[in-house]
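Me: I am new to this structure and would like to learn how to read it. Could you take me through it step by step?

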Amino acid sequence: MTPLLLTAPLLLFMLVFYTLPVLAMLLRSVSEPHWTLANYAALSVDTVFQNVFLTTLRTAVIVTFGCLVLGYPVALYLLRPGRTALNALIVVLLPFWTSILVRSYAWMVLLGRRGLLNEALIAAGVIAHPLRILNTSIAVYIAMIHILLPYMILPIANALRQIDPSLRRAALGLGATPAGAFRQVTLPLSMPGVAAGVLLVFVLSLGFYITPALLGGPRDMTVAMLIANQVDQLNWPYAACLSAALLATTLAIMALFQKLFGVGTAFRSIER
Amino acid sequence: MSPGDRLLRLFVPIILVVMIAPILVVILLSFSQASYLTFPPPALGLRWYRAYLGSRDWLSATRISIEVAVSTVVLSTILGTAATLGLGRLPKWARTLAIGLILSPLVMPVIVVAIGLYYAFARYGLVGTPAGLVLAHTCLAVPFVVTSVGTSLAGFDRRLEMAALSLGATPWGTFRQVTLPLIRPGILVGALFAFITSFDELIVSLFLSGANAVTLPRRMWEDLRYDIDPTIAAVSTLTIVVTVLPLLWARVGRRKAS
């Protein structure tokens with residue numbers, strides 16, 4: 001009886017202040033103006049929604065790819081012995097602990113028309129006129145990759161740390177080149193970490209709102225932005241449909257990864 | 001040294017510099033004396049910190065953020081710690097279900113939670129009140145408390161509790177004198193994450209803070225959308241100090257302990 005008494009208050013709290021409100025909101029997608037699936041039917045032919053949905057998916061794919069390419073080498077670097085790796089870990093964690101809003105603001109400062117990057121490029125004589133980066137997709141990609149990189153680096157570093165170092169030594173001793181040992185031993189054994197990182201970054205970027213709103217242009221509207229926009233216009237059934245679509249996409253991707261890699265438990269290891 | 005190793009040593013430092021640079025730039029800018037954003041700052045000074053301290057809006061937003069974050073810490077730490085203690089003793093199916101529910105805010109798009117709560121709370125007059133924000137932030141913060149307490153509980157020998165009980169301690173006495181001291185580091189780290197989760201939270205606050213419970217991130221957001229005043233650099237630096245220093249301290253503490 002006691003375990004239930006200890007856990008029940010939190011479960012009840014979350015049911016009342018989290019699960020039920022979200023479900024009630026989602027229900028409005030089928031209950032208004034009367035019980036109907038017409039709102040979803042309308043969504044499937046809605047070009048605004050399709051464009052926004054595709055933009056969101058494209059952004060998530062690009063950001064995930066960027067994080068993987070930049071994050072894997074950093075994760076390898078974190079395993080080097082000594083102080084350099086420790087300092088590198090602090091450099092990874094400092095931005096991780098800084099709020100998304102502050103980091104987005106920082107990129108507004110850096111990428112603006114008269115921002116640091118443009119001033120530096122002009123001073124160096126690379127360009128004559130400032131580049132337009134802020135309020136374009138490029139700015140969104142750069143800032144989102146920066147914000148989500150730690151979510152890629154930390155699970156990969158975790159997986160790499162669990163690989164027995166003697167396996168690599170054995171491969172080298174048996175005549176493998178360093179590149180071959182990496183490709184045939186380290187890389188395959190680090191795949192659980194890669195899968196967890198890819199899943200985390202992809203799922204988190206699907207819901208992004210603050211960064212694209214501040215750094216993107218009118219064509220960088222994400223599903224989350226469209227939802228907020230529709231709630232402001234009190235178009236609840238449409239906002240509820242969009243929320244259901246976003247949630248369904250997120251759950252489908254998590255289920256897919258669970259089936260392919262069994263990384264459901266990876267979420268338990270996101271310790272900040 | 002292999003060619004791959006050399007590549008690593010060449011490129012990773014560049015990536016690391018780019019990761020840290022934006023934060024350093026904001027901190028440096030906050031000490032600028034210029035009246036607009038320009039880099040490098042022509043002169044250094046505390047002008048924007050004075051502007052922050054002289055603004056009633058910014059200070060009231062700071063006060064609300066701290067009140068909401070502290071209340072969130074209290075509520076989420078108590079609920080989360082109690083729940084974690086019970087979780088390990090639940091039957092497996094119930095545990096899996098409960099953990100799924102408790103951790104789901106980690107991957108749930110926050111916008112969906114935000115508008116769901118906005119819709120529900122509007123009917124009970126909770127929009128525009130700190131209480132509404134505390135209830136919402138607690139749901140978002142609880143996963144960090146449960147994972148953190150859960151981690152410290154995983155290395156905990158349950159036989160110690162049984163020994164205390166068999167030696168005549170009451171269940172509450174056992175908790176206070178045996179369990180609590182051993183899981184205290186996990187609770188403290190969880191409380192820290194809960195504080196930061198609430199203190200930095202923007203999306204839920206955009207919908208729930210209304211006109212009367214404007215938090216610091218919400219105030220920053222409005223400034224960023226309509227005019228960029230370097231006061232934001234000063235506020236950002238202050239929030240970085242408030243969130244990063246305790247985490248750094250906790251991390252170093254944990255390293256020393258292990």
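**Reading the contacts, chains and helices**

Reply: Among contacts in chain B between residues at least 6 apart in sequence, 74% join residues at least 24 apart. Two residues are in contact if their C-beta atoms, placed from the backbone, lie within 7 Å. This is a predicted model, where local features need pLDDT of at least 70, side-chain atom pairs count only at pLDDT 80 or more, and totals for chains, interfaces and linings use all residues. Residues are numbered from 1 along each chain as its sequence is written, while chains are lettered from A and ligands numbered from 1 in the order in which they are written.

Me: How many helices and strands does chain B have?

Reply: Helices (H or I, at least four residues) and strands (E, at least two) are DSSP runs, numbered from the N terminus. Chain B has 11 helices and 0 strands. Its C-alpha trace spans about 70 × 65 × 30 Å along the principal axes.

Me: What share of chain B counts as buried?

Reply: A residue is buried if 20 or more other C-beta atoms lie within 10 Å of its own, exposed if 12 or fewer, and partly exposed in between; here too, C-beta atoms are placed from the backbone. Of the 258 residues of chain B, 43% are buried.

Me: Which residues touch the most other members of the largest nonpolar core?

Reply: In soluble globular proteins, nonpolar side chains tend to be buried together. A nonpolar core is a set of buried Ala, Val, Leu, Ile, Met, Phe, Trp, Tyr and Cys residues joined through C-beta atoms within 7 Å. The largest one here has 154 residues, and Leu148(A), Val201(A), Ile227(A), Ile111(B), Ala114(B), Ile115(B) and Tyr118(B) touch the most other members. Helix α7 (residues 137–161) of chain A gives the most to this core, with 17 residues. Beyond its neighbours within four places in sequence, Leu148(A) is in contact with Val63(A), Cys67(A), Val201(A), Leu204(A) and Ser205(A).

Me: How many residues of chain A are in contact with chain B?

Reply: There are 65 from chain A, in contact with 63 from chain B. Helix α1 (residues 2–31) of chain A gives the most to chain A's side, with 16 residues.

Me: At what angle do the axes of α1(A) and α6(B) cross?

Reply: Two packed helices are described by the angle between their axes and the distance between the axes. Axes are lines fitted to C-alpha atoms, for helices over the stretch in contact, and angles run from 0 to 180 degrees between N-to-C directions. The axes of α1(A) and helix α6 (residues 130–154) of chain B come within 10 Å and cross at roughly 125 degrees. The contact is made by Leu10(A), Met14(A), Phe17(A) and Tyr18(A) of α1(A) with Leu135(B), Ala136(B), Cys139(B) and Val142(B) of α6(B).

Me: Where else do helices pack, this time within chain A?

Reply: Helix α3 (residues 47–78) and helix α10 (residues 191–206) of chain A pack at an angle of about 145 degrees, with their axes 9 Å apart. Among the residues that meet are Val63(A) and Cys67(A) in α3(A), and Val201(A) and Ser205(A) in α10(A).

Me: Why is α12(A) described as largely enclosed?

Reply: Helix α12 (residues 223–232) of chain A has 7 of its 10 residues buried, so it is largely enclosed by the rest of the structure. Its buried residues include Ile227(A). What covers them includes α3, α11 (210–215) and α13 (236–261) of chain A together with α5 (110–123) of chain B. Just after α12(A), Leu234(A) takes a positive phi of about 60 degrees.
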